[in-house]
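Hello,

Here is the structure for your review. My notes follow below it.

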Protein chains: 4
Amino acid sequence: MSVINVGVIGASGYTGLELLKILIHHPKFNLSYVANTEGGTTLVSLHPSLAKVCDLDVKKADVEECATSCALVFLALPHQSAMAYVKPLIAKGIKVVDLSADYRLPQDIYEKFYCPHTDAQNLAKAVYGLPELFRKELKSASLVANPGCFPTSAILGVLPFMEKRVKNTPIIIDAKTGVSGAGKKLSETTHFVNVNENLFAYNPLMHRHAPEIAQKLGVDFEEVHFVPHLVPITRGMLSSIYIQVEGDFDAHELLEAYYKDAKHVRVSKNPVDMKNVAGTNFCDIYVKQSKASLEKGNILFISSAIDNLMRGASSAAVVNANLMMGLDEDLGIPNIAYVP
Amino acid sequence: MSVINVGVIGASGYTGLELLKILIHHPKFNLSYVANTEGGTTLVSLHPSLAKVCDLDVKKADVEECATSCALVFLALPHQSAMAYVKPLIAKGIKVVDLSADYRLPQDIYEKFYCPHTDAQNLAKAVYGLPELFRKELKSASLVANPGCFPTSAILGVLPFMEKRVKNTPIIIDAKTGVSGAGKKLSETTHFVNVNENLFAYNPLMHRHAPEIAQKLGVDFEEVHFVPHLVPITRGMLSSIYIQVEGDFDAHELLEAYYKDAKHVRVSKNPVDMKNVAGTNFCDIYVKQSKASLEKGNILFISSAIDNLMRGASSAAVVNANLMMGLDEDLGIPNIAYVP
Amino acid sequence: MSVINVGVIGASGYTGLELLKILIHHPKFNLSYVANTEGGTTLVSLHPSLAKVCDLDVKKADVEECATSCALVFLALPHQSAMAYVKPLIAKGIKVVDLSADYRLPQDIYEKFYCPHTDAQNLAKAVYGLPELFRKELKSASLVANPGCFPTSAILGVLPFMEKRVKNTPIIIDAKTGVSGAGKKLSETTHFVNVNENLFAYNPLMHRHAPEIAQKLGVDFEEVHFVPHLVPITRGMLSSIYIQVEGDFDAHELLEAYYKDAKHVRVSKNPVDMKNVAGTNFCDIYVKQSKASLEKGNILFISSAIDNLMRGASSAAVVNANLMMGLDEDLGIPNIAYVP
Amino acid sequence: MSVINVGVIGASGYTGLELLKILIHHPKFNLSYVANTEGGTTLVSLHPSLAKVCDLDVKKADVEECATSCALVFLALPHQSAMAYVKPLIAKGIKVVDLSADYRLPQDIYEKFYCPHTDAQNLAKAVYGLPELFRKELKSASLVANPGCFPTSAILGVLPFMEKRVKNTPIIIDAKTGVSGAGKKLSETTHFVNVNENLFAYNPLMHRHAPEIAQKLGVDFEEVHFVPHLVPITRGMLSSIYIQVEGDFDAHELLEAYYKDAKHVRVSKNPVDMKNVAGTNFCDIYVKQSKASLEKGNILFISSAIDNLMRGASSAAVVNANLMMGLDEDLGIPNIAYVP
C-alpha cells in the first residue's frame, strides 16, 4: 500500500508537536502539509528538538492548499477556531480529526459550555473518537471529534462498571493533571514558582469536561462531580474515581474481561501510575472494592492513568486516523513509555 | 514566667527535626533534653542545617535522665516504640506529647490496625490532640496523642458539615501527600526516580488513618473511603473531600462561622493550595457546593490543605504542649509560610 | 529601646514578600509603611499566605507619606525605578536599603551595563551591603546598595583566596539558580513546562552580575567568567567557582580562619547544598584543592550556597538595616532552614 | 537482510531497560536473550511499563545459553561483574558491547581507579565506543567499551577545540546530571527528599570519569578538573566546560565544521538544554567565546547536553552495535525527544 498524505494545522502547541513526533515516524502516513495560523517559519524554528529530524516548512493555514495536499488533516487548534476549518475541509472531501472540543457535544450542551456553534451539519455527523466506545463508527467516519483528556481517562475507568452502578448516585472524579494540559500560554497557573512544590484544585465542580463525561456515559450532568487538580508534573493524568455499585462481583475480573481485547487499555493488579503510560497511548486502570455495605451499595475506587498529551490528545488522534483510513489501530502508535 | 524545660526523644527523623526547629526559638520552652535511640552524637551531626544555630548533644534515650531534666517530653518515635517510653514517663509525672499512633485510638481499634497495646491505662486517659475538637481537655491533659497528618486535614474539613451530612452516605477522602510523610527510610517509594514526574494512589481504601478519621468523626469505619496519593513534592498535604449533604445552606458561610475564632484554621473563598500553608500550623479550607439535586442530597467538595510535617505533626504538637502548660495556643508557632 | 518604624516600597514581588515575612516578626523594626506602585490593596490580597498573620494596607508609593512614617525604607523595585525614590528619601533624611542594582557600581560601569544614572551624588556615598566586606562602613551608612544574589555567593566564595590567587588567571564562576530569581513576571523562561526536568545556561559570559563581582573583588572585568544556569528549583543558588592558586596552604583551614567570626557564613567539610541554607541568611562554603601542579598553580574548587531571595536579597537587606540602626547584625534574621 | 539475534545481560537496571526499549523496535536486531543475575522472572515483572509491549522471560545469565542464541550481547552490569562475562563470550566468538567501565581505560589507569583487571588480553583489543573518535575501528570491533556518560558529554564538547587549546592550562568541566545516573540502588543520595529542591556537587575533583576524559582527550589527568553536580531531574546531563584557547577563530563556525557530518551531534546557536535531547542519542553543543584577553589566551565556554541514559549509555551502545554489524549508524536509534 502506498503512503497516505496527511496534514497538521496547529503545529505550534504541545498537542501539535506530539502529533508531529508521531507522524514523522508513522509507517503509512506521510506528513505533507504543516501549518499554523501565522506560517512563514519552519518546524525546527518552532520546535528545536526536531533539528536533524524533520525540517518541513510551516505554512500559513490555508484550506485550499491543505485540501490539495492531504487526504486527512489533524486540527490542533483552540475550540471555536477549529470549526472554521472543519466546515470547508469536509466540504472538499478531506477527512478530519479535530482535537478541539468543537464536535464532541450535542449543539445545546456545546453552546451552554463553550460558544455558539456554526457548523451544526457536521456536528451531527461527527464521531466521538474513543475506539472503546465507537470503533465501528470510526472506521467509516469523515469527521472525528477527538476526546478531551479528562473525559478519556474518566470514561475508560467508569465504563466497565456502568451496569453495576447504583442509579442516581454520584460519580466522583478527582483528577490530577500535569501542567502541559494548560498549554503553552503564559499564565499565573503555569509559572514555575506557582506550580512547583504546590498542588491545588481548579474549576472544582465546574470544568467543561464534566458535561462531556456525563454525555458519553449517558448519565445526567448533575450526577458527575468532577474536580481537576494541577500537579507539579509536565505530562500525565490520573483520575481517581469513586462510584457506588451493587451486586456481588469481582471488580478486577470484570475490568479484565471488559478490556481483554483492548490494544490500548491495560488492567493492573496494582495501583497504576503516570510514569508507565507517559509517552504512550496506553490507559492503565486499577480497581479496588471497598468492603463497606452502605444502603446504597458498595464503593469502587477506580484509578485510571494516561498521558494527557498522548492518549489524552495526539496519539489518540492518530489511532482515530488509522481507523478512518482502514489501517491497523496501533500502526505507528508509541507504546514505549518515558520510564524511568 | 520562667522557662519550661522540654525534651525531644526521636531527634533524627523529619518530625523530630521540625520539633527542634520550633523549640529552638520558642519563647517559653527551653530545649533541655534531646535524644534518639542510639545517642552519642550532636544535633549538627544529625541535621547539618542547624550549624551555628544549635548544637546540643543528642543522648541515648533514657527515661530517668529525661524525667530529671524536663517537665514535658515530645516523643517522635514509630508506633509501638512510643508506648514503651510513655508509660514510665507518665508514671514519673512528666507530661507527654506522643506523635505516634499509639494513643490515638480505642484499644480494640488500635490492635486491629496496629499491634497489641501494652499501656491500656494511659491509653484510656490520653487526649486526642486536635484543639478544634478537644481544646478544653487538652488544657488539663498529661498525655496527648498527636493526630495523624491525614486525619488532621480530613477531620478539619469534614467537621463543620457533620450536621448537614446525609447519614449513611459515603465520606470520600482523596488525599495527596508530599514524600516527607513517608519518612527518612530508604524505599522504592521514596527513590527520586520513582516519585519525580509521577503520581499514584497507595494503600487505597486500606490506610490505617481511615479508622482514626472515622472514630474521631463519630461515624462507622465503613463510611469513610480514604485513598492517599503520593505526589512529587517534599512537604504538603491536600485532602479533597466529597460528602453528601441536605438542607438549604451556604457552605462557605457555615465554614466561616464554624472557624471564626480558630487561630490555626483559615477559610478561603478560592481553592486552597499546599504552598500557602507550608512551614506553618495553618489548615486552609475551601468548600464548594454542587448544584446537583440527587435523591440523597447535594454534594460538597471540601479542599483542606496543611503542611504534613507541621500541622500534621510537629507544630500541632507544640500547640498541644502550649495548651497543656497553660500558655497561649499560638506561642512560638510558625505562621510564616515557605512561599514563594 | 523603642521600636524603629520601617517601610517597604515594592511589596508585590518575591523579594518584597520576603522582606515582609522577616519584618513582621522582627523584634525592633515596626512595619509602619507598605507600598507598591499601584497601591489600593492589602497585604493579604497580594500574598494570601499572610492571612491571619498581617493585613496592613498597601499604599501607592509616596515619598512624603513614607518619609513621615519611617526612619528607614527598603526599596524592592526594579533598577532605574529605585533611584527615583532614593534621591528624595535621602534628601529627607530617611535611611534607605536599596535592593536594586542602582547603587552597586561606579557610575561608568553602571551606565555601561544598565542605563543612565540620575543620582550621582548619592551613588558616590552608597555603601555596598556586604558586611563581610564593609561592616564598619555599613554602621554609619545612610544609603546601602544591597548586593546582587550571584555576586553575594561568588564574592563570599572567592574572597578568602584572593591573596593566594595567581594574578591574571581566570576566575570561573559556574552558578546555578532557582527560578524565583527570575521574578514573578511571566516569561518563556518561567513557564513550568520549560523549566521542569530541564537545565540550561543563560546569558553565558554576559550577565550583568559579572562586573559587580569583578568590581567588588578588585579584579579586571575580563578576568571574571560568569555563567548562570537555571535549575528546576524554586529557591536556592549554588556557585561553583574555579580559581588558580599558588603556594602551599590548606584551603579548608584558610577558609575556616577567614570566617571564624562570621555570623552568617558557615564553612563545611562536605560539599554544601541549597537545602541547608534555604530560608536563612547563611552562606555555606566548601573548598577542595586539586592535586594538580600546573605551571600556573593549583586549582581550587569552591562551592558556595545561599538562598537567592534571602542572603541574596531580603534577609541580607535586613542585616544591613540592623547595622545601620546600631542593632545586632543577626537580630530577627531567620536562621532555621526549610529542610527537609 | 535477515535479523540479527542479540541479547541483553543486566535487564533490571535503568540502562538495561533503555536497551530493551530500543531493541524491541529495532528493525534489524531481534531480542533473543534477556537475562539478569537472578533470572526466573519476566520483563513485565521487572518493568511494568512493558505490559502489552514485550514479555520475554528473563533468564539467569548463562554464557553458554547466551552464546548459542545471540550474535551480539549488550552487558549492562556493574564494573568488575562485566569482565567475568566478556572473557568467555569473546572466547566463543560473540560480539560484545560492554556498558561498564571495565574496558574503557588502559590497565594501569583502570586499576588505579577501579579494581584489579582480570582480562588484560581483551582489554588491549577493546575499542572505545565513541563513533566521533573511533568510527572506523568500531566497524571491525569484537568488543566495544561503551563510554561513560560524563566522558561522552565532555569529550564531544572539548574535542573540536583541542588544537586551539593553550597547552598545560586547566580543562574545567562543571557537569550536572539527573538522578537516574545514580541507578536504581536506594541511597541517601537518591531519596526524593534529599534531591528535590536541592543541588550539590559530589566527588568534586575526584570522580572516576575524570581519568577517562583525560585519557581519551590525550591530556594529562591533572589537567582535567571535573566536578559533577546532582540535580533534581530524572534524566539529562549538561556539561559546562571552560578552556583557554589562543588564536583568532570563530568558535561556533569551527564547531559546526567539525560536526557537519555527525548524525548524532547538533550544533546550536543558542545555549543548549537537557529537554531537547532527552530520549534521544543526540549530543547538543553550544560554544561562546569570551572577549577577555588574558596572558594565556581567551576562555571558551562550551555547553554540551545529552540524555545520560541514552547517548550516555544505551542508545550509544546500540549505535556501536549497528556499526559492529555493518548496519547504518542510526538504524533504530531514537531521535524524537521527550519534549515538552
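A:C149 is buried, with a relative accessible area of 15% (buried means under 20% relative accessible area, with a 1.4 Å probe and protein chains only). This is a predicted model: local features need pLDDT of at least 70, side-chain atom pairs count only at pLDDT 80 or more, and totals for chains, interfaces and linings use all residues. Residues are numbered from 1 along each chain as its sequence is written, chains are lettered from A and ligands numbered from 1 in the order in which they are written, and side-chain values use heavy atoms, with hydrogens and water left out.

**The annotated cysteine**

UniProt lists A:C149 under "active site", in an unreviewed entry. Such positions are given in the numbering used here, feature names are shortened, and annotations may be inferred rather than shown by experiment. A:C149 sits in helix α8 of chain A, residues 149-158 (helices are DSSP runs of H or I, at least four residues; strands are E, at least two; both are numbered from the N terminus). Beyond its neighbours within four places in sequence, A:C149 touches A:H209, A:M237, A:I306, A:N308 and A:G312 (contact means heavy atoms within 4.5 Å).

**Chain B against chain A**

Here 50 residues of chain B are in contact with 49 residues of chain A. The buried area is about 4,200 Å², and carbon and sulfur atoms give 64% of it (accessible area, 1.4 Å probe, that two parts lose on being put together, summed over both). B:E197, B:L199 and B:Y242 supply 14% of the area that chain B buries against chain A, more than any other three residues. There are two salt bridges between these chains (a side-chain nitrogen of Lys or Arg within 4 Å of a carboxyl oxygen of Asp or Glu). B:K176 and A:D174 meet in a salt bridge at 2.8 Å, N to O.

**Chain D against chain C**

In this pair, 50 residues of chain D contact 50 residues of chain C. About 4,100 Å² is buried between chain D and chain C, with 64% from carbon and sulfur atoms. The salt bridge count is two. C:D174 and D:K176 join their side chains in a salt bridge at 2.8 Å, N to O. Elements of chain D that give two or more residues to the side touching chain C include β9 (171-177), α9 (192-195) and β12 (237-245).

Best wishes

Note on methods. Buried < 20%, exposed > 50% of the residue type's maximum accessible area, 1.4 Å probe, protein only.
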